[in-house]
Amino acid sequence: MRRLVILGAGTAGTTVANKLRRRLAPDEWRITVIDHDRDHLYQPGLLFVPFERVPTPLLKPRRSLLQNGVQLLIGEISAADADRKAVRLADGGVVGYDYLVIATGTTPRPDQTPGMLGPEWRRSIHDFYTYEGAFAVRDALRTFSGGRLVVHIVDQPIKCPVAPLEFTFLTEAYFRGRGMRDQVEIVYVTPLDGAFTKPIASRYLGRLLDERKIVVETDFLVERVDAERKTLVSYDEREIGYDLLVTVPLNMGADFLGESGLGDELNYVPVDKHTLQSKAHPDIFAVGDANDIPTSKAGSVAHFAGESFAENFCQYVDGRAMTHRFDGHANCFVETGDGKALLIDFNYDTEPLPGQYPFGRIGPLSLLRETKVNHWGKVAFRWIYWHLLLPGRRLPVPTLMSMTGKHRPDEEVRP
């Protein structure tokens, strides 16, 4: 029996395990997935929790999401030894492998920013990328009586990079709906030079921020949080005060990857961006948020990359050349409040463009344009996630990015 071990049973790990279980002969391959707990979290749902719209369910047992024939092992991973082809667990257990797929994702690390953790954590300083954090923000918004609310990003990359914008738009709509928008100043603080880095998308999103009277502070690299004075302090000594801070802490890969020599300075595994194969160890691959590919850390990438990865992996273990090249395809819904959303679709080489998706003129989804249909597309994704994406089934959208339905707007075109 050849041994395939997958570290992590999140979106990418679950999808890949199910895809490969169908492709690899069960009498020749043993597939083992290792994760530290038993519940799978629907992470896109966390965005809606603070606004008292909790998607059901948010949690499902990991075992129920894996195909028969995939072994699930619950345990804390302490090391991955690439030379001995072994994974070591915190309880002393050792799991050997012939091929290793790393799918341990990325995690918010508030401990990496001085002053972020402490007595004010989840009192006046919050995150919403975690289960506990999303519910704590909900309680904070309920009792917020007015003042300056700051939405802040420490640094890139982060999982679902549009989520802070979505949170900002939904927060604006939330307080407007409560009739107290004029009592709340909303400030969006980013380390980037704009709310969105690609020129065309920045034009569209910038307009939305301006219309909603959301202040944008750019190029802000936070050095510390002064929780006592309720102030963000940057490396260039700029200061931004807040009454309520909702931050996206530095995101990092699993510590054991860096400690095992498999990760970079942020614990992400350096891989070939087209095949997801480790640059240092050919029998190791890293999928989803665990690698360093230059595209969005989003569920759509786990799906699109998973399609080409599964084909490549089967070719590789058969001794053939890997012929499928992932192009960095990603798409993300961007909730803008009031039951509307826009959609972006892009890859390594092509920035988000306006148009229709996925079926050309038919759509039905609009790119870089607010519509109610896009909002319902995001809502419908929850069903797609549980029933199509995680089981590893093909979705009726192209795996590689297509230019069908897209166009490059003239400089004078406005959304």
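## Where domain 2 meets domain 3

Three salt bridges are found by the rule across the interface of domain 2 and domain 3. Six residue pairs are in polar contact between domain 2 and domain 3, with both residues at pLDDT 80 or more. On the side of domain 2 that touches domain 3, the elements giving two or more residues are H4 and H5. H5 supplies the largest share of that side, eight residues.

This is a predicted model. Its chain is divided into domain 1 (2-106 + 253-317), domain 2 (110-250) and domain 3 (331-415). Between the C-alpha centres of domain 2 and domain 3 the distance is 25 Å. Contact involves 17 residues of domain 2 and 22 residues of domain 3. About 1700 Å² is buried between domain 2 and domain 3, and carbon and sulfur atoms give 64% of that area. Within domain 2, the most area is lost to domain 3 by Ile200, Arg203 and Tyr204, which together account for 36% of what that side buries.

## Helix H5

Helix H5 covers residues 199-211, 13 residues in total. From the first C-alpha to the last, H5 reaches 18 Å, close to the 18 Å expected at 1.5 Å a residue.

The buried residues of H5 are Ile200, Ala201, Tyr204, Leu205, Leu208 and Leu209. After H5 comes Lys213, which has a positive phi, near 55°.

Leu59 belongs to strand E4, which runs over residues 59-61. The relative accessibility of Leu59 is 36%, so this residue counts as partly exposed.

With neighbours within four places in sequence left aside, the contacts of Leu59 are Asp39, His40, Leu41 and Tyr131. Leu59 and Tyr131 are 72 residues apart along the chain, and 9.8 Å separates their C-alpha atoms.

## Cis peptide bonds

Thr56 and Pro57 are linked by a cis peptide bond with omega near -5°. Pro57 is located in the loop between strand E3 (39-41) and E4.

The peptide bond between Gln156 and Pro157 is also cis, and its omega is about 0°. Pro157 sits in the loop between strand E12 (147-153) and H4.

Asp219 is a residue other than glycine with a positive phi, near 55°. Asp219 is placed in the loop between E14 and strand E15 (222-226). Its relative accessible area is 42%, so Asp219 is partly exposed.

Leu276, also a residue other than glycine, has a positive phi near 70°. The loop that holds Leu276 runs between helix H6 (255-259) and strand E20 (284-286). Leu276 counts as buried because its relative accessibility is 2%, and buried means under 20%.

Conventions
Residues numbered from 1 in each chain as written. Predicted model: local features only at pLDDT ≥ 70, side-chain atom pairs only at ≥ 80, totals over all residues. Heavy atoms only, no water. Helix = DSSP H or I, 4+ residues; strand = E, 2+ residues; numbered from the N terminus. Expected span 1.5 Å × (residues − 1). Buried < 20%, exposed > 50% of the residue type's maximum accessible area, 1.4 Å probe, protein only. Domains from an automatic or database assignment. Contact = heavy atoms within 4.5 Å. Buried area = accessible area lost by both parts, 1.4 Å probe. Salt bridge = Lys/Arg side-chain N within 4 Å of Asp/Glu carboxyl O. Polar contact = N/O pair within 3.5 Å; in protein donor to acceptor, adjacent residues only side chain to side chain.
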